[in-house]
Structure formats: C-alpha cells, structure tokens
Amino acid sequence: MGSSPSPGLSLNLSKYDKLDAAQIGHLRHFHNLASQLDGAWNHMGGQEPMQEFLDAYRYQLATMAYAVGVTQFHRMPALRSALKTLMRRLIHKMLRPEVWTYWFNASLAGNKTDPDRTELRKPWADPVVRENIMYSGHLLLMTSLYGMLFDDDEFEKPDSLTFTWAPVFFGLGPETFRYDNRSLQAAILLEMERNGWVGVCCEPNVVFVVCNQFPLVALKYNDARDGTDVSSEILEKYKAAWDKKGMVAPNGLYVDWYFVRQDKTMMPKCLGWTAWANAFMNTWNSEKVKASYDQQSYGYITSIDGEVQLHDERIAAEYRKLVETENADKNDAAVLARARANAAALPPSKFPFTRPVFGYVAQWLSEMGKKEELDGLLRFADKNLKPTWENGGLYYPRNDNRMNEAGEWRYIGPYDGNAAIGYGRLNVADGQKKMWDNPRKRGHNASQPWIDGIELDQGIDCLRGIWDSEEGALVLTMKTWDGRRVDATPVASNLPAGSWDIYVNRELAQRATVTKGGSLSVNVAVGGEEVNVVFKRAE
C-alpha cells in the first residue's frame with residue numbers, strides 16, 4: 001500500500017526498504033519470549049539443564065539483543081520506543097537469577113577445564129567479579145549497545161546492574177553485588193590484565209577466543225559515548241598477546257581455547273566457535289576475517305546443484321581430508337557422498353551435547369555479506385527445520401537429532417531457533433563492522449527525529465521507521481500481527497522547527513507548526529493491512 005505518488009503525499013515510499021514477513025516474525029518472537037512472566041522460559045530450555053552449555057538462556061538473550069541492535073541501527077534507525085522497550089526487557093531477563101546463578105557451582109572449577117587441578121576452589125556467587133566472561137561480556141555489550149543506540153544512560157548509573165544471591169535453604173543470608181556498565185567494564189579489564197591480555201576466562205582456567213569478542217566491541221561503544229579511546233589500547237595488548245599464543249590453528253580455524261595455568265591452546269575440531277567469533281571479530285579485524293573465509297568454510301558449507309548445506313563436523317572433517325589428500329572439488333556431490341559414508345563408519349561421539357553451529361554460521365554469513373550462501377541456508381531451514389509461527393512470532397522448534405538418515409543437518413537448539421537464525425535474517429552485510437566504524441556518540445538523539453508511542457505490546461509490528469533528512473520526512477509503516485484493529489498514536493519527536501504535514505496512507509491528516517525539538521502525534525487505526533504514516537516538512 002502507498003508506493004506510487006497520488007494527489008496527497010508525493011513522496012515515493014517504495015524507495016525505503018521495509019522488513020519482510022520473516023524478519024517481522026523474528027522480532028515478534030523476541031518480544032513474545034522477553035514478555036513472559038519472570039521465571040517463565042517457554043521455548044528456551046536446552047539440552048543441558050544447568051545453564052552451562054551453549055544453548056543457555058544468556059546466549060539466547062544476548063543474541064536477540066544484538067539482532068534488535070542491528071535492526072535499529074541499519075533498518076529502522078528512527079524507530080525508538082518499540083525497539084528500546086524490547087531491548088530493555090531482554091536486559092531485564094539477563095539479570096534474572098535463573099540466568100547467572102549457575103556461576104556459583106561453576107566457580108568451584110574442576111579438572112575438565114584445569115587438567116592439573118586436584119581439589120575444588122571455594123565458590124563465590126558474584127557472577128562478574130572474576131572470570132565468567134561468557135556472561136559478563138554479553139551483559140556489557142547488551143548494555144553498551146543500549147546506551148549507544150538510544151542515547152540513554154540508564155545502565156551507566158550506579159547500581160543499575162544489581163545481582164542478589166538469595167538461596168532459600170543454604171548460605172548465611174542474601175548477598176547483593178552492585179555494578180553499572182562502566183564498573184562492569186573495569187572488572188572485565190582487570191581480569192584481562194591478570195591473564196596477560198589474552199582475554200578473560202569463561203569457565204575457570206580457559207579463555208575462549210569467541211567469548212572475548214563481545215566485550216571488545218562494547219569498549220568501542222563506550223568510547224563513543226565517553227570521548228575516550230580505551231578500545232584501541234586494549235586491542236593492541238590483546239593482539240600482541242595472541243600473536244605469542246597463536247590464535248589460528250593449522251586448519252585455519254581459531255583455537256577453541258587457551259589453558260591459562262598450562263599455557264597451551266586447544267586445537268579446534270569444529271567450525272562453530274570460529275564462525276561465531278568472526279561474526280563479531282569483523283569489527284576490529286575485518287581484513288583478516290574476510291581473507292580467511294574460504295579456508296575456514298570449505299567442507300562445512302557446500303553449494304551443490306543449487307542447494308546450500310551445512311555439514312556436521314565429522315562429515316566436514318572427512319570432506320576436508322578428501323580435498324587435502326586427493327585435491328577433490330570443494331563443492332561436489334560425489335565427494336560429499338564419500339565424506340558422509342566415511343563419517344558414518346566412525347564410532348559415535350561420546351560428547352552428549354550438540355553445538356548450535358547452524359545459528360553461528362547464519363550470523364557469520366550475514367556479517368560477511370555472503371548473500372547466496374545465507375539465502376541458501378535460510379531456504380534449507382525453511383524447507384527442513386520446521387519453521388513455526390506462534391502469536392505472530394517466527395521460530396524454529398528444538399530438534400535434538402543431529403542428522404537424518406541421509407546425513408543431512410537436522411539439529412536445531414533454542415539458540416539457533418529462537419535467536420541466531422533471526423539475527424542472520426535481520427543483520428546486513430558488515431552490520432557489526434559498520435556500527436564499530438561509526439558508533440553513535442552521546443547526544444546523538446538531538447541530531448534527528450524519531451518515532452515514539454508505538455509498542456509491540458499493542459500487537460503492532462513496524463516494517464519501517466526511517467528519517468530521510470533530504471526529503472524532510474519521517475516514515476513509519478505498521479500493521480497488526482493478527483489482523484485485529486487497534487488505535488495507535490505514533491509520536492514524531494525531536495522535529496526541526498517549522499511547518500509539518502502528517503499523512504496517513506498518503507492523505508493529508510493534519511498540518512501543524514513546531515518549535516525546534518518539538519513533537520507531533522496523530523491518531524490512526526492499525527489493522528492487518530499496512531498503514532503508512534509520514535511526518536513531512538511542508539514545502
């Protein structure tokens with residue numbers, strides 16, 4: 001609706017991209033999950049029950065927040081209220097005890113991550129003071145992103161990030177740990193320094209390359225707001241530390257982790273963490289990340305007869321052997337069949353859980369701008385992984401089976417199906433890099449108009465939220481997810497001084513004059529058909 005000029009509004013709205021049905025569905029699903037009552041985690045339960053593995057709540061919540069971030073920055077930069085509320089709710093969930101109290105047990109340490117350990121440590125409950133970058137790094141980036149996107153210091157204020165440890169039947173009474181974004185950053189940097197700048201441990205004694213990318217990105221956003229350059233200094237130390245340890249393994253993938261006490265690295269066996277790391281390392285290390293794509297992806301991702309597929313790590317390992325030993329084609333059906341047969345003959349894996357590699361790769365491909373591969377992977381998901389719509393939200397339900405009988409990918413965990421595939425659809429090429437290169441500075445909200453007054457709670461999905469400074473037009477497109485009619489009052493805030501016309505579906509609905517920084521609103525009925533509202537400077 002509203003793509004060709006008429007006697008009313010002369011602006012051609014078709015030149016402004018809008019979200020498609022799947023992208024809208026992912027955002028609605030994020031909202032549905034984030035809006036559950038505290039303590040309810042519908043669709044979010046994973047393979048491992050104690051929040052220790054890769055489908056834990058923290059990873060799902062963080063990835064949904066990052067997806068909201070790239071959507072707001074790149075696709076709907078003038079849409080403020082709806083996306084800000086959604087991100088705040090995701091941060092609220094991130095602070096729930098169910099998300100972070102796993103750390104008390106994890107802090108005991110053990111010989112799986114510290115092979116020389118013979119006794120456990122005394123545990124502690126504070127989830128961010130030491131180690132645990134697998135939580136603290138994501139919380140830092142979520143709150144830094146919130147400040148950068150919305151020019152809001154809510155999580156920069158003292159005690160804005162508070163953790164209360166209050167078990168019912170053990171302990172010596174409640175403990176409260178108070179932080180804000182900057183004191184959290186300080187705790188993380190102190191841990192990096194303790195480890196010689198190679199990064200902060202996730203589990204005790206092990207530093208993962210991927211988990212340290214998130215706080216590194218957060219430093220840049222905080223620099224933009226504070227007028228500092230902490231990130232450059234830290235990155236130089238980080239790169240120098242890894243130059244000594246060796247981040248890249250002989251197979252081209254990043255080492256899985258570094259053992260601090262043993263001063264050695266763990267060689268990678270799977271693409272997953274490399275793909276996940278690259279989706280965010282493309283910020284500060286883009287040239288190397290892009291140059292490594294072909295070497296890292298072959299065998300894991302194939303495009304054969306027009307079909308893009310992702311392969312299990314053991315199939316990929318066999319495929320890569322055939323390429324290396326026989327100079328086999330990297331995209332050949334016969335080679336893939338041999339690799340599958342070879343992998344099927346191997347003893348079954350003893351590890352009880354499956355990594356969410358499908359989601360990691362979707363994030364990576366989106367950041368790399370690999371449109372053909374990403375579109376192919378999403379087509380595969382839509383054909384084979386049971387896309388499901390619930391209350392206007394799109395997700396892919398959990399399936400713990402790694403492969404079907406033909407050796408084709410079938411595993412989908414809550415990280416992939418709730419968050420990461422949606423991120424892949426909503427991100428743009430170089431999405432993280434573009435935000436890194438041009439983060440918004442403190443005070444940016446005063447530089448352009450934005451849309452307030454619309455919330456996902458109203459049942460309204462937004463397809464556009466754009467300010468066109470050349471046309472002097474603030475464009476909003478919306479509809480309800482279920483077709484019902486609701487009354488809405490979008491507010492155009494921070495308008496330049498002057499006369500403004502408000503158009504609803506191309507018809508002039510209102511004309512008004514505002515002073516600098518003023519606002520205008522209009523009452524509209526929103527239903528199942530798209531409604532276009534345009535606030536335009538009068539000519």
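Leu377 touches Val308, Leu310, Phe358, Val361, Ala362 and Leu365, leaving aside residues up to four places away in sequence; contact here means heavy atoms within 4.5 Å. Before going on, the model is predicted: local features need pLDDT of at least 70, side-chain atom pairs count only at pLDDT 80 or more, and totals for chains, interfaces and linings use all residues. Residues are numbered from 1 along each chain as its sequence is written, and side-chain values use heavy atoms, with hydrogens and water left out.

Back to Leu377, which lies in helix 16, residues 371-384. Helices (H or I, at least four residues) and strands (E, at least two) are DSSP runs, numbered from the N terminus. Is Leu377 buried or exposed? Leu377 is buried, at a relative accessible area of 2%, where buried means under 20%, exposed over 50% and partly exposed in between, with a 1.4 Å probe and protein chains only.

Opposite Val308 of strand 7 stands Ser303. Two residues sit between the strands, and Asp305 has a positive phi near 55°.

Last, a helix pair. Helix 2 (residues 57-75) packs against helix 6 (residues 133-150) at an angle of about 20°, their axes 10 Å apart. Axes are lines fitted to C-alpha atoms over the stretch in contact, and angles run from 0 to 180 degrees between N-to-C directions. The contact includes Ala65 and Gly69 of helix 2 and Leu141 and Leu145 of helix 6.

Key
Pairing = 2+ DSSP bridges.
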